[in-house]
Amino acid sequence: MASSCLSFNASVSPNHDLFRRHPSSPLLRHRPVLVSCTSSADGNTTTPIETVVKPRRTENTIRDDARLQRSTAANPFSARYVPFNAPPGSSEHYSLDEIVYRSRSGGLLDVEHDMEALKRFDGAYWRDLFDSRVGKSTWPYGSGVWSKKEWVLPEIDDDDIVSAFEGNSNLFWAERFGKKFLGMNDLWVKHCGISHTGSFKDLGMTVLVSQVNRLRKMKRPVVGVGCASTGDTSAALSAYCASAGIPSIVFLPANKISMAQLVQPIANGAFVLSIDTDFDGCMKLIREITAELPIYLANSLNSLRLEGQKTAAIEILQQFDWQVPDWVIVPGGNLGNIYAFYKGFKMCQELGLVDRIPRMVCAQAANANPLYLHYKSGWKDFKPMTASTTFASAIQIGDPVSIDRAVYALKKCDGIVEEATEEELMDAMAQADSTGMFICPHTGVALTALFKLRNRGVIAPTDRTVVVSTAHGLKFTQSKIDYHSKAIPDMACRFSNPPVEVKADFGAVMDVLKSYLGSQTLRS
Ligand SMILES: Cc1ncc(COP(=O)(O)O)c(C=O)c1O
Ligand SMILES: N[C@@H](CCOP(=O)(O)O)C(=O)O
């Protein structure tokens, strides 16, 4: 039975930042106080632990502060690798300190948490704990990922964590876009791209690079960390590695990523290989290379990444004050993220923070749509494909490594797969931008899925719907320039807004302004 750790006048917790404030703090005087608990040997009862909150020394860094306040009590939480969707009775498992990406049978792995240990604390405990850490600068909980550390990498030492205080991204109420284009009143955009390196990959990379940092301190054979990338994984990997002083190696498909993405690993000092193939070709190569050389694999084939990415789902629930949205729409490429979202929602349900999970939609570009075709075939045979060029270049992937994870997640949440043509995704991006957003083409793919599901009446006007925006629009300005200058062959660019060229002359400027203002008056 889970025991609530809420009590009044309780002693302070050694484990949790909430209690790093002095207990007489006015903030704590009139509210229930979380206490940290140790478990009894039988695992059924929990006991509060007392700790002394030591005063901060001015020469301390936030890491020193965290070290000072650290608990001496044994950490009751743990996690390990198991085969993904293992058959009942399977005993195969690996320590997270092992370097392993595949199960014995060659299948995917998953990080399995000791759910019984986590269940000794009830949903209210976890909600309050996570809420108490938001908006603080306490190491490492100032990060939206590490504020959920017990559910992510419970055993890592805070000192080994490499974090840019990622996560805690804004959940934007898309009021005007929802009303104007969809007749919706409860549409939200989770801006995962407003982040350290401009995409949701930071959430997973902080976890992976932290674990690598730990492995290197343990003298495990990891000389560098490598990935194949369509531009966002490489940016995140190189930034987190640079911050920890770890060499990073990135395999990029030549001429297939944006200039802004290409310059990120270059600036962060990564060893950048521009390879004359597509992403799937790069992925195949990095898998072969990491099997031969002491280079740790950083793509989402490595299930550690998904532990960080799943916190975006927990964050959405938290931002809605633990109310569950009806729909969450995620653009999909290599297909790790859709499973990460499912896992985050599912853990919240299993641990009693919420009572249900949302339905999810995975949105793909029609030019790179192997999951969509698989879904349309009634989940019959999965056929990898050669993906064609798409403005949503970060999801130009034809042979996604996490196909099994994605299918599992979508089946479990009664999910849907949709696709977007180039014209649809570019129009949707322009429409969103015209209401004050500045989204990436991948988010345009997700918005197209929303348009289609609204038009078919699958998503109702009042359904609370979250569209996950996966990268910052500033990484993809060339696609916006092409669209607004109507420079795309066979595309009407219906929502383009090209600049008006005018002579440096008062009369000429007056003329164009009068005509513009007239058109505005007529429209309103
Ligand atoms: C901006 C962006 N959106 C969406 C995705 C798709 O995520 P996933 O590969 O986890 O499906 C990626 C990467 O693949 C991406 O970089
Ligand atoms: N969009 C990704 C593609 C690789 O995905 P990953 O999640 O497996 O690393 C990128 O930016 O490289």
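Helices (H or I, at least four residues) and strands (E, at least two) are DSSP runs, numbered from the N terminus. With that convention in place, I turn to the model. This is a predicted model, in which local features need pLDDT of at least 70, side-chain atom pairs count only at pLDDT 80 or more, and totals for chains, interfaces and linings use all residues. Residues are numbered from 1 along each chain as its sequence is written, chains are lettered from A and ligands numbered from 1 in the order in which they are written, and side-chain values use heavy atoms, with hydrogens and water left out.

I begin with Pro83, which belongs to strand E5, residues 79–83. Its relative accessibility is 11%, and it counts as buried (under 20% relative accessible area; exposed is over 50%, partly exposed in between; 1.4 Å probe, protein chains only). Four of the five residues of E5 are buried, so the strand is largely enclosed by the rest of the structure.

What does E5 pair with? Strand E6, residues 109–113, pairs with E5 in the antiparallel sense over five bridges; two strands pair if DSSP finds at least two bridges between them. Within E6, Leu109 is the bridge partner of Pro83. Beyond four places in sequence, Pro83 is in contact (heavy atoms within 4.5 Å) with residues including Ser90, Ser103 and Asp110.

I now move to Gly333. This residue lies in the loop between strand E13 (327–331) and helix H12 (336–350). Gly333 is buried, at 7% relative accessible area. Leaving aside neighbours within four places in sequence, Gly333 contacts Gln364, Ile395, Ile397 and Pro400. From Gly333 to Ala363, 30 residues apart in sequence, the C-alpha to C-alpha distance is 8.8 Å.
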